[in-house]
Amino acid sequence: MGTLILAVTSLFLYSVGTALQALHFRGRVQSNAAITTLIGILALVSHGLLIAQTVHHDGGFDFSFFKSSVLISWIIVFLLLGLNLRKPVENLLLGVYPLATLTIIMALITHTPSRLVSDDSYGMLSHIALSVTAYSLFTLAAIQAILLYFQNRQLKHNYNSLLVRNLPPLQTMESLLFELVWAGVVMLTLAIGTGALFVKDLFAQDLAHKTIFSLLSLLVFVSLLVGRYTKGWRGMTASRWTLAGCALLMLAFYGSKFALELVFHKGG
């Protein structure tokens with residue numbers, strides 16, 4: 001199937017999913033888990049086939065700026081649909097589907113230098129797989145933190161907004177946030193560990209910036225978890241720490257890639 005057909009199909013399915021979620025959020029239609037899951041699965045399949053045609057080629061994987069974004073957005077949707085089977089996270093689809101749509105559009109209309117990793121570079125591929133999984137988990141955590149922040153703020157002001165009425169109870173929201181952070185910390189720790197094992201000469205490969213900011217973000221997330229269990233951090237405090245850690249992680253990944261590929265036009 002052609003790349004354009006797969007892209008249009010993915011964009012259509014994500015647009016339908018976004019529209020349904022928006023209507024449900026506004027109380028115009030009832031939520032239907034079967035339809036939500038079906039649309040999500042079809043979008044994932046189309047999105048995945050698109051990745052197979054655009055990311056994997058020439059005996060390797062192209063992890064350039066926008067190609068990586070398409071892969072990460074696929075993992076985010078995959079994780080969220082899986083979580084939605086046992087957790088009340090359906091509202092996050094309203095932010096995740098447009099994000100996936102944007103990454104696909106940008107991958108189609110832009111061109112950046114390729115950063116190929118060979119098929120037989122198993123150590124590097126394992127490091128990248130762990131890294132993109134960690135980024136995906138923390139992206140979900142960031143969206144969750146934003147919702148939790150506004151939920152806390154509006155509840156404190158006794159403002160019964162549409163957002164408050166649609167979100168799960170505060171305790172459930174906080175519990176889910178820390179589950180995402182915990183999972184992200186495990187993946188990020190493993191990613192940094194495999195990077196230390198399989199990536200040679202970080203400075204020669206222009207990866208010092210990425211390493212430093214990744215370590216700083218890991219420190220922020222570990223501090224948040226320690227604060228949670230020793231000082232009872234929650235609510236808006238937890239949201240701020242989560243967003244700070246996610247900002248550092250985005251600087252580590254997208255900041256370095258943006259500078260190397262879009263500013264200095266360096267491939268690999």
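User: Thr 101 is found in helix α4. Why is this residue called buried?

Analyst: A helix here is a DSSP run of H or I covering at least four residues, and helices are numbered from the N terminus. Buried means under 20% relative accessible area, exposed means over 50%, and partly exposed lies in between, using a 1.4 Å probe and protein chains only. Thr 101 has a relative accessible area of 15%, so it is buried. One thing to keep in mind is that this is a predicted model, where local features need pLDDT of at least 70 and side-chain atom pairs count only at pLDDT 80 or more, while totals for chains, interfaces and linings use all residues. Residues are numbered from 1 along each chain as its sequence is written, and side-chain values use heavy atoms, leaving out hydrogens and water.

User: Which residues is Thr 101 in contact with, leaving aside neighbours within four places in sequence?

Analyst: They are Leu 11 and Tyr 14. Contact means heavy atoms within 4.5 Å.

User: What about Phe 12: is it buried or exposed?

Analyst: Phe 12, which sits in helix α1, has 55% relative accessibility, so it counts as exposed.

User: Which domains does the protein chain have?

Analyst: The domain assignment gives domain 1 (1-116) and domain 2 (121-267); such bounds come from an automatic or database assignment. Their centres, taken over C-alpha atoms, are 20 Å apart.

User: How do you know that the two domains touch, and how much area do they bury?

Analyst: There are 27 residues of domain 1 in contact with 30 residues of domain 2. Together the domains bury about 2,600 Å², with 75% of it on carbon and sulfur atoms. That area is the accessible area (1.4 Å probe) that two parts lose on being put together, summed over both.

User: How many salt bridges does the whole structure have?

Analyst: Three are found. One of them joins Asp 62 and Lys 67, at 3.4 Å from N to O. Asp 62 is called buried because its relative accessibility is 1%. Another joins Glu 174 and Arg 234, whose closest N and O atoms are 3.3 Å apart. Glu 174 lies in helix α7 and Arg 234 in the loop between α8 (208-230) and α9 (235-263), so this pair ties together parts 60 residues apart in sequence.

User: Why do Glu 174 and Arg 234 get separate labels?

Analyst: Glu 174 counts as buried because its relative accessibility is 3%. Arg 234, at 47%, is partly exposed.

How values were computed
Helix = DSSP H or I, 4+ residues; strand = E, 2+ residues; numbered from the N terminus. Salt bridge = Lys/Arg side-chain N within 4 Å of Asp/Glu carboxyl O.
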